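I am opening a notebook on a structure that is new to me. I will look things up one at a time and write down what I find.

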Amino acid sequence: MQHWLVKSEPEAYSWANLVKDGRTMWDGVRNYQARNNMQQMQPGDLVLFYHSVSEKAIVGIAKVDKPAYPDPTAAEDKGKWVVVDLIPFRDFKEPVTLEQIKKDERLQDIALLRQSRLSVMPLKPEEFDILLAMGN
DNA sequence: GCCAACGTTGGC
DNA sequence: GCCAACGTTGGC
């Protein structure tokens with residue numbers, strides 16, 4: 001099983017929205033690196049849910065429920081972009097802030113810090129475990 | 001609100 | 001194929 005982190009501006013689509021919806025199609029990704037990551041996702045993979053811009057914190061854990069399939073919202077270039085289906089798995093008891101992540105020397109290599117614009121990124125199992133422990 | 005980083009587009 | 005211009009993301 002692989003581990004991931006996705007970013008969303010809470011004003012656009014928040015963790016609370018996902019909890020309420022029970023499932024969402026993670027659409028609209030238009031970046032090749034992010035897409036390539038989504039294509040690697042398998043059902044059951046756990047995905048940390050990060051609120052960017054206004055909150056800058058990881059707030060919950062989602063689970064991949066359906067592997068990559070063509071993005072129906074891609075008007076042009078049909079078949080070029082993909083989505084996955086995500087379902088909420090559980091809340092973080094405490095949000096893990098970007099500030100906390102920056103302070104932890106074990107987390108200096110994660111793409112969230114090194115590549116601030118990437119919206120879908122892999123996490124090493126140990127990084128995932130560290131973040132999980134910080135949020136609970 | 002500003003700006004750095006980065007990706008894309010289009011003229012040459 | 002290069003690079004300037006432009007648009008977007010996201011931290012500060």
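How many strands does the open sheet have, and in what order do they come? I note that this is a predicted model. I find 6 strands in the order 2-5-4-3-1-6. The pairing in this open sheet is mixed. I then looked up the edges, and they are strand 2 (24–25) and strand 6 (120–123), each of which pairs on one side only.

Entry 2, strands 3 and 4. I looked at how strand 3 (residues 46–51) is joined to strand 4 (residues 57–70), and I find 6 bridges, with the two strands running antiparallel. Val-47 has Ala-62 in strand 4 as its bridge partner. Tyr-50 stands opposite Ile-58, also in strand 4. Strand 3 and strand 4 make a hairpin, and 5 residues lie between them. In the turn I noted Val-53, whose phi is positive at about 65°.

For Tyr-69 I looked up the bridge partner in strand 5, and it is Val-83.

Which strands does helix 5 (residues 125–134) lie across? I list strand 1 (3–8), strand 3, strand 4, strand 5 (82–97) and strand 6. Relative to strand 5, helix 5 runs at about 45°.

My count of salt bridges comes to 7. One that I looked up joins Arg-23 and Asp-65, with the closest N and O atoms 2.1 Å apart. Arg-23 is in the loop between helix 1 (15–21) and strand 2, while Asp-65 is in strand 4, so this pair ties together parts that are 42 residues apart in sequence.

I find Asn-31, Tyr-32 and Arg-117 around DNA strand B. Of the DNA strand B atoms within 4 Å of the protein, sugar and phosphate make up 45%.

Which residues surround DNA strand C? I list Lys-7, Tyr-50, Ser-52, Val-53, Lys-56, Leu-98, Lys-102, Ser-116 and Arg-117. Sugar and phosphate supply 80% of the DNA strand C atoms that come within 4 Å of the protein. Sorted by class, the surface near DNA strand C has 4 charged, 3 nonpolar and 2 polar residues.

Tyr-50 places a polar side-chain atom 3.0 Å from a phosphate oxygen of DNA strand C. Val-53, which I had noted in the hairpin turn, has a polar backbone atom 3.0 Å from a phosphate oxygen of DNA strand C. For Arg-117 I find a polar side-chain atom 2.9 Å from a base oxygen of DNA strand C. Arg-117 is also on my list for DNA strand B.

How values were computed
Residues are numbered from 1 along each chain as its sequence is written. Chains are lettered from A and ligands numbered from 1 in the order in which they are written. This is a predicted model: local features need pLDDT of at least 70, side-chain atom pairs count only at pLDDT 80 or more; totals for chains, interfaces and linings use all residues. Side-chain values use heavy atoms; hydrogens and water are left out. A residue is near a molecule or strand if one of its heavy atoms lies within 4 Å of it. A polar contact is a pair of N or O atoms within 3.5 Å; within protein, one must be able to donate a hydrogen and the other to accept it, and residues adjacent in sequence count only if both atoms are side-chain atoms. Ala, Val, Leu, Ile, Met, Phe, Trp, Tyr, Cys and Pro count as nonpolar, Asp, Glu, Lys and Arg as charged, and the others, Gly among them, as polar. Two strands pair if DSSP finds at least two bridges between them. Helices (H or I, at least four residues) and strands (E, at least two) are DSSP runs, numbered from the N terminus. Contact means heavy atoms within 4.5 Å. Axes are lines fitted to C-alpha atoms, for helices over the stretch in contact, and angles run from 0 to 180 degrees between N-to-C directions. A salt bridge is a side-chain nitrogen of Lys or Arg within 4 Å of a carboxyl oxygen of Asp or Glu.
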